[in-house]
Amino acid sequence: LKAKRPAPQGPQKVPGIGHIIAVASGKGGVGKSTIAANLAVALAAEGRRVGLLDADVYGPSQPRMLGAKGRPASPDGKTILPLQAHGVTVMSMGFMTEEGQAVVWRGPMLMSALQQMMLQVDWGELDILIVDLPPGTGDVQLTLTQKFAIDGAVIVSTPQDVALLDARKGIDMFRQMKTPILGMIENMSTHICSNCGHEEHVFGHGGVSAEAAKLGVPLLAEIPLHLEIRLASDGGTPVVTAQPDSPQAAAFRKVARAL
Ligand code: ADP
């Protein structure tokens, strides 16, 4: 008698999605969402079919950063139709809540929301899905890496020790989950004065580069702290599109080409 064996419960591929890349950070406020948005837009500019899943359920920033507003439709009550912004297919928890409304959920609800956003959203055919994770090493990170085949993680950190300490923990978690680390990005690496162009290392300089070397992972980019990056994000058009000829846009495009 041939008993039907249950299917293996390993991480699954999402149909139609070529590669899944997580953008992670140890701490909040280091610019992870800004980097995720700019990478997604830069990849789209390179002609790749790109999706961005804003899995930062506690603080979804992508609706604002990509200027994507509205509630995704669900004509059949099951499949969710994502929004489009700057050539990127976008889904965010922020589309389901009012701005300013908190998501007050325990782990299991977060886990099922993440699975829904992965599997019930009609992503179409994508070359790359960028997942903007919440900061830290919590339920969302664990569910993502356990349930889905993640091709790699990009770790964003600012150069100061407190941020690096947590970034290191993030890298350790991904390593435990057998997710390849594609590299680190140093954000707010140096401050460039928009008046005079003077450069200042507000959070120190080179910390991420040294950490990446120590951990044996590539340093993908050093992105300056620049007023235009913040203004562009707040205005709903990432700097890669808002100022395509700027050095910061070039830095994001370089990373996108390497992914
Ligand atoms: P996180 O996702 O890590 O919490 P965000 O991407 O939301 O961080 O960034 C926090 C704030 O810092 C946002 O207002 C964003 O526009 C700003 N910001 C991020 N990176 C830069 C940068 N390189 N230059 C200027 N402002 C930045």
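## A first look at the fold

The protein chain in this predicted model has nine helices and nine strands. Its radius of gyration is 18 Å, close to the 18 Å that the globule rule gives for 259 residues, so the chain is as compact as a globular protein of that length. Along its principal axes, the C-alpha trace spans about 75 × 40 × 35 Å.

Of the 259 residues in the protein chain, 44% are buried. Among the contacts with a separation of 6 or more, 77% are between residues 24 or more positions apart.

### Two helices side by side

Let us now turn to one pair of helices. Two packed helices are described by the angle between their axes and the distance between the axes. Here the pair is α5, residues 161–176, and α6, residues 207–215. Their axes come within 11 Å and cross at roughly 30 degrees. Angles under 35 degrees count as roughly parallel, and α5 and α6 are therefore roughly parallel to each other. Their crossing is right-handed.

Which residues of α5 and α6 make the contact? The table sets them out by helix.

| Helix | Residue range | Residues in the contact |
|---|---|---|
| α5 | residues 161–176 | Leu164, Arg168 and Ile171 |
| α6 | residues 207–215 | Gly207, Val208, Glu211 and Leu215 |

Sorted by class, the contact of α5 with α6 has four nonpolar residues, one polar residue and two charged residues.

Note on methods: Residues are numbered from 1 along each chain as its sequence is written. This is a predicted model: local features need pLDDT of at least 70, side-chain atom pairs count only at pLDDT 80 or more; totals for chains, interfaces and linings use all residues. Helices (H or I, at least four residues) and strands (E, at least two) are DSSP runs, numbered from the N terminus. The radius of gyration is taken over C-alpha atoms; the globule rule is 2.2 Å times the number of residues to the power 0.38. A residue is buried if 20 or more other C-beta atoms lie within 10 Å of its own, exposed if 12 or fewer, and partly exposed in between; C-beta atoms are placed from the backbone. Two residues are in contact if their C-beta atoms, placed from the backbone, lie within 7 Å. Axes are lines fitted to C-alpha atoms, for helices over the stretch in contact, and angles run from 0 to 180 degrees between N-to-C directions. Angles under 35 degrees count as roughly parallel, over 145 as roughly antiparallel, 65 to 115 as roughly perpendicular and the rest as oblique. A crossing is left-handed if the near helix is turned anticlockwise from the far one by less than a right angle, and right-handed if clockwise. Ala, Val, Leu, Ile, Met, Phe, Trp, Tyr, Cys and Pro count as nonpolar, Asp, Glu, Lys and Arg as charged, and the others, Gly among them, as polar.
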